[in-house]
Amino acid sequence: MSTPAARVTINDVAARAGVSKGAVSMAFNDRPGVSQRTRERIFEVARELGWSPHQTARSLSSRRVAIVGLAICRPARMLGLEPFYMEFISGIESVLAQRSCSLLLRLVRDLDEEISLYEGWWRGTVIGGAILVDFHEDDPRVPALRAIGLPAVAVGHPSLTGGFPSVWTDDGTAAADAVRYLAALGHRRIARVGGPAGLGHSGIRAAAFEATMAELGLSGHRQVSTGFAGEEGARATRGLLMAPDRPTAIVYDNDIMAVAGAAVAQEMGLGVPHDVSLLAWDDSQLCRLTHPPLSAMSHDVHRFGEQVARALFGVIAGTHSGALQVPTPSLTIRGSTGPPGRG
């Protein structure tokens with residue numbers, strides 16, 4: 001097992017460049033007192049070591065964390081429409097505010113960009129720790145960020161997070177509960193519209209869905225992997241409802257896709273829940289405002305964010321190192337689910 005790389009500091013830059021710490025500070029603050037040749041040497045060494053100054057980094061010390069990093073792989077417009085992350089971030093912020101700490105949020109295109117971002121933030125002393133989300137199977141962030149010694153808390157099942165301290169919900173049990181509930185209503189053709197296949201939590205839900213359908217002896221089911229956007233959920237729903245053996249119930253991986261699915265059912269002249277029952281994940285205000293209101297797998301996302309932030313401070317302080325399981329999402333039954341009608 002490799003030893004985490006030490007965090008690069010201004011002292012390391014000064015030692016490598018053969019100058020004082022003050023000279024490094026003067027060079028980066030464009031102050032007189034160092035020659036142009038020395039200034040260029042300092043900049044060259046800083047680039048080699050991956051170190052960069054940051055105004056807000058001056059408030060960081062070993063005794064106080066001023067900034068926490070969070071990178072999310074989502075388009076900006078999508079994040080603004082996704083209730084889960086808005087609630088999750090508000091929960092994080094409520095804890096950070098108590099400690100006069102700030103959240104540095106960045107949207108990235110892919111995991112490689114996310115790794116580079118965290119490496120830069122950590123080596124440049126911009127952040128004191130990070131919150132890692134949306135784990136994939138064999139996630140490349142695990143070895144890369146462990147190697148630099150980044151203090152982080154992972155949001156995901158411990159089987160996905162590579163030994164990072166984690167906060168997680170039992171998505172497998174929740175997915176099985178959703179299937180059993182719909183089967184108890186009399187549904188035999190149940191479909192699932194899931195998130196991207198590579199996402200770890202989507203894979204856990206998919207496996208539990210499949211296993212529970214088999215356990216109940218239900219063969220009439222389909223699973224579709226797609227993105228989390230409304231238009232993608234609508235496209236998947238339309239394909240399912242146009243099939244000759246269309247499902248009488250559909251479970252969605254988030255609330256946005258479920259709301260879009262309800263609109264598609266209406267567009268196709270199908271009644272909810274008489275013709276098709278719909279069940280969302282991550283209950284939100286969207287679910288309560290839809291007509292009929294959407295049944296959902298609910299958990300307190302704001303509280304979840306609070307628990308993640310507290311766990312991170314525990315990691316930084318050395319008092320938290322394991323996996324914290326929080327309450328499993330539970331059924332909130334509303335008007336979008338019921339016994340199958342003429343489906």
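A: Some terms come before the helices. Axes are lines fitted to C-alpha atoms, for helices over the stretch in contact, and angles run from 0 to 180 degrees between N-to-C directions. Helices (H or I, at least four residues) and strands (E, at least two) are DSSP runs, numbered from the N terminus. This is a predicted model, in which local features need pLDDT of at least 70, side-chain atom pairs count only at pLDDT 80 or more, and totals for chains, interfaces and linings use all residues. Residues are numbered from 1 along each chain as its sequence is written, and side-chain values use heavy atoms, with hydrogens and water left out.

Q: At roughly what angle do α5 and α13 cross?
A: The axes of α5 (residues 83–98) and α13 (residues 301–317) cross at roughly 45° and come within 7 Å. The two helices are therefore oblique to each other; angles under 35 degrees count as roughly parallel, over 145 as roughly antiparallel, 65 to 115 as roughly perpendicular and the rest as oblique.

Q: Which residues of α5 meet α13?
A: Among them are Phe 84, Phe 88, Ile 92 and Val 95 of α5, while the α13 side includes Val 301, Phe 304, Val 308 and Phe 313. Contact means heavy atoms within 4.5 Å.

Q: Now the sheet: what is the strand order?
A: The order is β7-β6-β8-β9-β10-β12, in an open sheet of 6 strands with mixed pairing. Two strands pair if DSSP finds at least two bridges between them.

Q: Why is one side of β7 and of β12 left without a neighbour in the sheet?
A: β7 (221–225) and β12 (330–332) stand at the edges, each with a single partner strand, so one side of each has no neighbour there. On average, neighbouring strands of this sheet are turned by 20° against each other, direction ignored.

Q: How many bridges join β10 to β12?
A: There are 3 bridges between β10 (residues 295–298) and β12, and these strands run antiparallel. Met 297 has Leu 331 in β12 as its bridge partner.

Q: Which strands does α11 lie across?
A: Helix α11 (residues 255–267) lies across β6 (190–194), β8 (249–252) and β9 (277–281), at about 160° to β9.

Q: Cysteines next. How many disulfides are found?
A: The search of the whole structure finds 0 disulfides, a disulfide being a pair of cysteine sulfur atoms within 2.5 Å.

Q: Is Cys 287 buried or exposed?
A: Cys 287 counts as buried because its relative accessibility is 0%. Buried means under 20% relative accessible area, exposed over 50%, and partly exposed in between (1.4 Å probe, protein chains only). Cys 101, at 6%, also counts as buried.
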